[in-house]
Amino acid sequence: MAFHSLPILPAVKSMRELERVMHSPYMYIVLLDSHVAQLKNIVKLAEQHGKKILLHADMINGLKNDEYAAEFLCQEIRPAGLISTRAGVIRVAKQKGLIAIQRIFLLDTIALEKSYALIEKTQPDYIEVLPGIMPHIIKEVSSRTGIPIFAGGLIRTVEDVDNAIQAGATYVTTSNQELIAHYQK
(Lines give C-alpha, C1' and ligand atoms only; values in the text may rest on other atoms or scores of the structure.)
Protein backbone atom coordinates (compact mmCIF):
# COMPACT_ATOMS: atom_id res chain seq x y z
CA MET A 1 0.00 0.00 0.00
CA ALA A 2 1.58 3.26 -1.10
CA PHE A 3 0.65 6.58 0.47
CA HIS A 4 2.31 8.67 -2.27
CA SER A 5 5.64 8.97 -4.04
CA LEU A 6 7.12 11.45 -1.55
CA PRO A 7 9.25 10.11 1.34
CA ILE A 8 7.51 12.33 3.92
CA LEU A 9 4.25 11.89 5.79
CA PRO A 10 3.53 15.32 7.25
CA ALA A 11 2.50 15.33 10.90
CA VAL A 12 0.43 18.32 11.95
CA LYS A 13 -0.15 19.72 15.43
CA SER A 14 -2.40 22.70 14.70
CA MET A 15 -5.22 23.81 12.44
CA ARG A 16 -2.88 26.25 10.69
CA GLU A 17 -0.46 23.43 9.84
CA LEU A 18 -3.37 21.25 8.73
CA GLU A 19 -4.72 23.97 6.42
CA ARG A 20 -1.26 24.45 4.91
CA VAL A 21 -0.92 20.72 4.13
CA MET A 22 -4.41 20.66 2.58
CA HIS A 23 -2.95 22.59 -0.35
CA SER A 24 0.04 20.30 -0.84
CA PRO A 25 0.67 17.14 -2.89
CA TYR A 26 0.64 14.98 0.25
CA MET A 27 -2.35 12.63 0.29
CA TYR A 28 -1.94 11.23 3.81
CA ILE A 29 -1.55 13.43 6.87
CA VAL A 30 -0.66 12.34 10.40
CA LEU A 31 -2.82 14.20 12.92
CA LEU A 32 -1.13 14.78 16.28
CA ASP A 33 -2.50 16.63 19.31
CA SER A 34 -6.19 16.88 18.55
CA HIS A 35 -9.42 17.31 20.49
CA VAL A 36 -12.20 14.75 20.28
CA ALA A 37 -14.78 17.43 19.36
CA GLN A 38 -12.74 18.50 16.31
CA LEU A 39 -12.08 15.09 14.80
CA LYS A 40 -15.17 14.61 12.64
CA ASN A 41 -14.79 18.04 11.03
CA ILE A 42 -11.07 17.55 10.48
CA VAL A 43 -11.58 14.23 8.70
CA LYS A 44 -14.39 15.76 6.62
CA LEU A 45 -12.19 18.74 5.69
CA ALA A 46 -9.40 16.39 4.65
CA GLU A 47 -11.77 14.35 2.48
CA GLN A 48 -13.01 17.53 0.78
CA HIS A 49 -9.40 18.23 -0.21
CA GLY A 50 -8.70 14.66 -1.35
CA LYS A 51 -6.61 13.94 1.75
CA LYS A 52 -6.69 11.09 4.26
CA ILE A 53 -6.03 11.32 7.97
CA LEU A 54 -3.83 8.93 9.95
CA LEU A 55 -5.03 9.69 13.43
CA HIS A 56 -2.71 9.37 16.40
CA ALA A 57 -5.13 7.75 18.84
CA ASP A 58 -2.86 8.28 21.86
CA MET A 59 -2.80 12.08 21.41
CA ILE A 60 -6.51 12.91 21.37
CA ASN A 61 -7.54 15.22 24.18
CA GLY A 62 -10.82 14.15 25.76
CA LEU A 63 -10.60 10.50 24.70
CA LYS A 64 -8.92 7.60 26.45
CA ASN A 65 -6.63 5.50 24.23
CA ASP A 66 -8.24 2.10 24.68
CA GLU A 67 -10.27 -0.40 22.64
CA TYR A 68 -13.55 1.46 23.26
CA ALA A 69 -12.06 4.70 21.99
CA ALA A 70 -10.69 2.86 18.96
CA GLU A 71 -14.19 1.48 18.25
CA PHE A 72 -15.58 5.02 18.45
CA LEU A 73 -12.87 6.39 16.15
CA CYS A 74 -13.37 3.63 13.58
CA GLN A 75 -17.17 3.86 13.54
CA GLU A 76 -17.84 7.56 14.05
CA ILE A 77 -14.75 9.45 12.87
CA ARG A 78 -13.57 7.04 10.15
CA PRO A 79 -9.99 8.16 9.54
CA ALA A 80 -7.85 6.25 7.05
CA GLY A 81 -5.80 4.79 9.87
CA LEU A 82 -4.90 4.80 13.54
CA ILE A 83 -1.46 5.17 15.09
CA SER A 84 -0.97 3.93 18.64
CA THR A 85 1.41 2.40 21.12
CA ARG A 86 -1.50 0.29 22.43
CA ALA A 87 -2.03 -3.27 21.18
CA GLY A 88 -5.80 -3.07 21.70
CA VAL A 89 -6.11 0.02 19.52
CA ILE A 90 -4.08 -1.62 16.75
CA ARG A 91 -6.20 -4.78 16.97
CA VAL A 92 -9.47 -2.83 16.63
CA ALA A 93 -8.12 -0.75 13.74
CA LYS A 94 -7.19 -3.93 11.86
CA GLN A 95 -10.56 -5.55 12.60
CA LYS A 96 -12.37 -2.47 11.26
CA GLY A 97 -10.27 -2.32 8.08
CA LEU A 98 -8.29 0.82 8.92
CA ILE A 99 -4.56 1.15 8.41
CA ALA A 100 -2.98 0.06 11.72
CA ILE A 101 0.33 1.68 12.66
CA GLN A 102 2.09 0.40 15.78
CA ARG A 103 4.23 3.13 17.31
CA ILE A 104 7.31 1.96 19.22
CA PHE A 105 9.75 4.00 21.30
CA LEU A 106 13.22 2.50 21.28
CA LEU A 107 14.92 3.69 24.42
CA ASP A 108 17.16 0.68 25.01
CA THR A 109 17.56 -3.04 24.24
CA ILE A 110 14.80 -4.03 26.65
CA ALA A 111 12.34 -1.66 24.94
CA LEU A 112 13.38 -3.05 21.56
CA GLU A 113 12.79 -6.66 22.63
CA LYS A 114 9.42 -5.78 24.19
CA SER A 115 8.52 -4.02 20.97
CA TYR A 116 9.30 -7.13 18.92
CA ALA A 117 6.99 -9.16 21.17
CA LEU A 118 4.25 -6.54 20.81
CA ILE A 119 4.62 -6.42 17.02
CA GLU A 120 4.43 -10.20 16.80
CA LYS A 121 1.18 -10.02 18.75
CA THR A 122 -0.46 -7.12 16.86
CA GLN A 123 0.88 -7.67 13.32
CA PRO A 124 0.31 -4.03 12.33
CA ASP A 125 0.29 -2.80 8.74
CA TYR A 126 3.16 -0.44 9.56
CA ILE A 127 5.54 0.21 12.44
CA GLU A 128 6.53 3.73 13.41
CA VAL A 129 10.04 3.62 14.91
CA LEU A 130 10.95 6.45 17.26
CA PRO A 131 13.41 8.04 17.29
CA GLY A 132 13.80 7.81 13.54
CA ILE A 133 17.41 8.93 13.47
CA MET A 134 18.86 5.45 14.06
CA PRO A 135 19.40 3.93 10.61
CA HIS A 136 20.94 0.69 11.91
CA ILE A 137 17.91 0.07 14.15
CA ILE A 138 15.48 0.89 11.33
CA LYS A 139 17.29 -1.68 9.21
CA GLU A 140 17.15 -4.26 12.02
CA VAL A 141 13.43 -3.74 12.76
CA SER A 142 12.56 -3.90 9.07
CA SER A 143 14.60 -7.05 8.54
CA ARG A 144 13.39 -8.82 11.66
CA THR A 145 9.67 -8.02 11.28
CA GLY A 146 9.17 -7.78 7.52
CA ILE A 147 6.68 -4.96 8.20
CA PRO A 148 7.08 -1.57 6.47
CA ILE A 149 8.60 1.11 8.68
CA PHE A 150 7.84 4.76 9.31
CA ALA A 151 10.73 6.63 10.91
CA GLY A 152 9.68 9.46 13.21
CA GLY A 153 10.99 11.63 15.97
CA LEU A 154 14.01 13.93 15.95
CA ILE A 155 14.06 14.07 12.13
CA ARG A 156 15.50 17.51 11.50
CA THR A 157 17.38 17.51 8.19
CA VAL A 158 17.15 16.23 4.64
CA GLU A 159 20.09 14.01 5.53
CA ASP A 160 18.09 12.49 8.41
CA VAL A 161 15.26 11.70 5.97
CA ASP A 162 17.65 10.23 3.39
CA ASN A 163 19.42 8.10 6.01
CA ALA A 164 16.12 6.69 7.28
CA ILE A 165 14.89 5.88 3.77
CA GLN A 166 18.23 4.29 2.81
CA ALA A 167 18.07 2.17 5.96
CA GLY A 168 14.71 0.75 4.89
CA ALA A 169 12.05 3.15 6.15
CA THR A 170 9.15 3.39 3.74
CA TYR A 171 8.25 6.88 4.94
CA VAL A 172 9.42 9.47 7.44
CA THR A 173 6.87 11.19 9.65
CA THR A 174 7.76 14.73 10.58
CA SER A 175 6.16 17.91 11.86
CA ASN A 176 9.18 19.91 10.70
CA GLN A 177 7.57 22.48 8.38
CA GLU A 178 10.81 23.11 6.46
CA LEU A 179 11.15 19.41 5.60
CA ILE A 180 7.49 19.14 4.65
CA ALA A 181 7.90 22.14 2.32
CA HIS A 182 11.21 20.84 0.93
CA TYR A 183 9.79 17.50 -0.22
CA GLN A 184 6.64 18.89 -1.81
CA LYS A 185 8.59 20.89 -4.41
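Analyst: Helices are DSSP runs of H or I with at least four residues, strands are DSSP runs of E with at least two, and both are numbered from the N terminus. The model discussed here is predicted. In that numbering, arginine 78 falls in the loop between helix 3 and strand 6 (81-84).

User: Which loop holds aspartate 33, and what is its phi?

Analyst: Aspartate 33 sits in the loop between strand 2 (28-31) and strand 3 (34-35). Its phi is near 35°, again a positive value in a residue other than glycine. The class of aspartate 33 is partly exposed because its relative accessible area is 43%.

User: Where is a cis peptide bond found, and what is its omega?

Analyst: A cis peptide bond links leucine 130 to proline 131, with omega of about -5°. Proline 131 belongs to the loop between strand 8 (126-130) and helix 6.

User: Which residues of helix 5 meet helix 6, and how do the axes cross?

Analyst: Helix 5 (residues 109-122) and helix 6 (residues 135-145) have axes that come within 11 Å and cross at roughly 30°. Helix 5 passes helix 6 in a right-handed crossing. From helix 5, Leu112, Glu113, Tyr116 and Ile119 meet Glu140, Val141, Arg144 and Thr145 of helix 6. By class, four residues of this contact are nonpolar, one is polar and three are charged.

User: What does leucine 118 touch?

Analyst: Leucine 118 also lies in helix 5. Beyond residues up to four places away in sequence, it touches Thr85, Ala87 and Gln102. The C-alpha atoms of leucine 118 and threonine 85 are 9.4 Å apart, while 33 residues separate them along the chain.

User: How many residues form the largest nonpolar core, and which have the most contacts inside it?

Analyst: The largest nonpolar core has 51 residues, and the most contacts inside it belong to Ile53, Leu55, Leu82 and Val141. Apart from neighbours within four places in sequence, valine 141 contacts Leu106, Leu112, Tyr116, Ile127, Val129, Gly146 and Ile149. A second, separate core has 13 residues, including Phe3, Leu32, Leu54 and Tyr171.

User: Is methionine 22 buried or exposed, and which residues does it touch?

Analyst: Methionine 22 lies in helix 1 (residues 15-22). Buried means under 20% relative accessible area. Methionine 22, at 5%, is therefore buried. Leaving out residues up to four places away in sequence, it touches Ile29, Leu45, Ala46, His49 and Lys51.

Key: Residues numbered from 1 in each chain as written. Predicted model: local features only at pLDDT ≥ 70, side-chain atom pairs only at ≥ 80, totals over all residues. Heavy atoms only, no water. Axes fitted to C-alpha atoms, helices over the stretch in contact; angles between N-to-C directions. Left-handed = near helix turned anticlockwise from the far one by under 90°. Contact = heavy atoms within 4.5 Å. Nonpolar A, V, L, I, M, F, W, Y, C, P; charged D, E, K, R; others polar. Core = buried A, V, L, I, M, F, W, Y, C linked by side-chain atoms within 4.5 Å. Buried < 20%, exposed > 50% of the residue type's maximum accessible area, 1.4 Å probe, protein only.
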